[in-house]
Amino acid sequence: MITSARRVSPDTPEVRISFSLDGTSDAQNADELSQTFPDVEQRLQPVAPCVSLKESVHVYKEHCRMAREFHQVKHDIAVLEERKCRLLAELVEDEKVALEIARLEEESRRLAEENRTLVTAHEEHARQLRRLGVGGWRRPDSS
């Protein structure tokens with residue numbers, strides 16, 4: 001690693017330049033440094049680092065890690081939104097079933113009350129017939 005520091009003028013900060021003559025690290029990092037992340041906006045894509053600066057490479061790797069994490073979070077959100085849609089559809093279906101059950105229960109109560117009214121009317125009419133002395137009256141189903 002070669003490092004050089006220069007001051008361009010007395011009122012500007014020192015400029016430090018570092019580079020490495022070791023070509024193997026460049027070849028190993030070539031794939032790592034060419035990553036793209038389709039989920040990340042173009043303006044937020046990691047910018048290839050200055051490979052001779054460890055801090056630049058570190059920042060790039062951290063940026064790539066965050067981009068991968070962003071992709072995973074985005075994927076997780078999509079999965080959860082899909083699950084939410086399925087659960088909402090089930091909820092709607094359950095509400096329809098609950099409404100149908102309530103309707104059937106109400107109809108059952110209404111029919112039971114109507115049945116009680118009809119049974120009471122039948123018993124009253126049968127009593128009246130007995131009082132009137134209509135003894136020959138028979139139900140159609142009895143022989």
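What does the secondary structure of the protein chain come to? In this predicted model, the protein chain has two helices and two strands.

**View 1. Overall layout of the protein chain.** Read from the N terminus, the elements follow the order β-β-α-α. The chain has 143 residues, and buried residues make up 10% of them. Among contacts between residues at least 6 apart in sequence, 32% join residues at least 24 apart.

**View 2. Helix H2 along its length.** Helix H2 covers residues 54–132, which is 79 residues. From the first C-alpha to the last, H2 reaches 115 Å, close to the 117 Å expected at 1.5 Å a residue. Buried residues in H2 are Val57, Tyr60, Cys64, Ala67 and Ala126. An α-helix has 3.6 residues a turn, so residues three or four places apart point the same way. After H2 comes Gly133, with a positive phi near 85°.

**View 3. The largest nonpolar core.** Five residues form this core: Phe37, Val40, Tyr60, Cys64 and Ala67. Tyr60, Cys64 and Ala67 are among the buried residues of H2. In soluble globular proteins, nonpolar side chains tend to be buried together. Setting aside residues up to four places away in sequence, Phe37 touches Gln45, Pro46, Cys64, Ala67 and Arg68.

View 4. Gln45 sits in the loop between helix H1 (23–32) and H2. Is Gln45 buried or exposed? Its relative accessible area is 12%, under the 20% limit, so Gln45 counts as buried. A polar atom of the Gln45 side chain lies 2.3 Å from the backbone oxygen of Phe37. Apart from neighbours within four places in sequence, Gln45 is in contact with Thr36, Phe37, Pro38, Val40 and His63.

**View 5. Lys61 on helix H2.** Lys61 is found in helix H2. With a relative accessible area of 38%, Lys61 is partly exposed, whereas Tyr60 in H2 is buried. Which separation do the C-alpha atoms of Lys61 and Pro46 show? These atoms are 8.6 Å apart, and the two residues are 15 residues apart along the chain. Pro46 is also one of the residues that Phe37 touches.

Definitions and conventions. Residues are numbered from 1 along each chain as its sequence is written. This is a predicted model: local features need pLDDT of at least 70, side-chain atom pairs count only at pLDDT 80 or more; totals for chains, interfaces and linings use all residues. Side-chain values use heavy atoms; hydrogens and water are left out. Helices (H or I, at least four residues) and strands (E, at least two) are DSSP runs, numbered from the N terminus. Buried means under 20% relative accessible area, exposed over 50%, partly exposed in between (1.4 Å probe, protein chains only). Contact means heavy atoms within 4.5 Å. The expected span of a helix is 1.5 Å times one less than its number of residues. A nonpolar core is a set of buried Ala, Val, Leu, Ile, Met, Phe, Trp, Tyr and Cys residues joined through side-chain atoms within 4.5 Å. A polar contact is a pair of N or O atoms within 3.5 Å; within protein, one must be able to donate a hydrogen and the other to accept it, and residues adjacent in sequence count only if both atoms are side-chain atoms.
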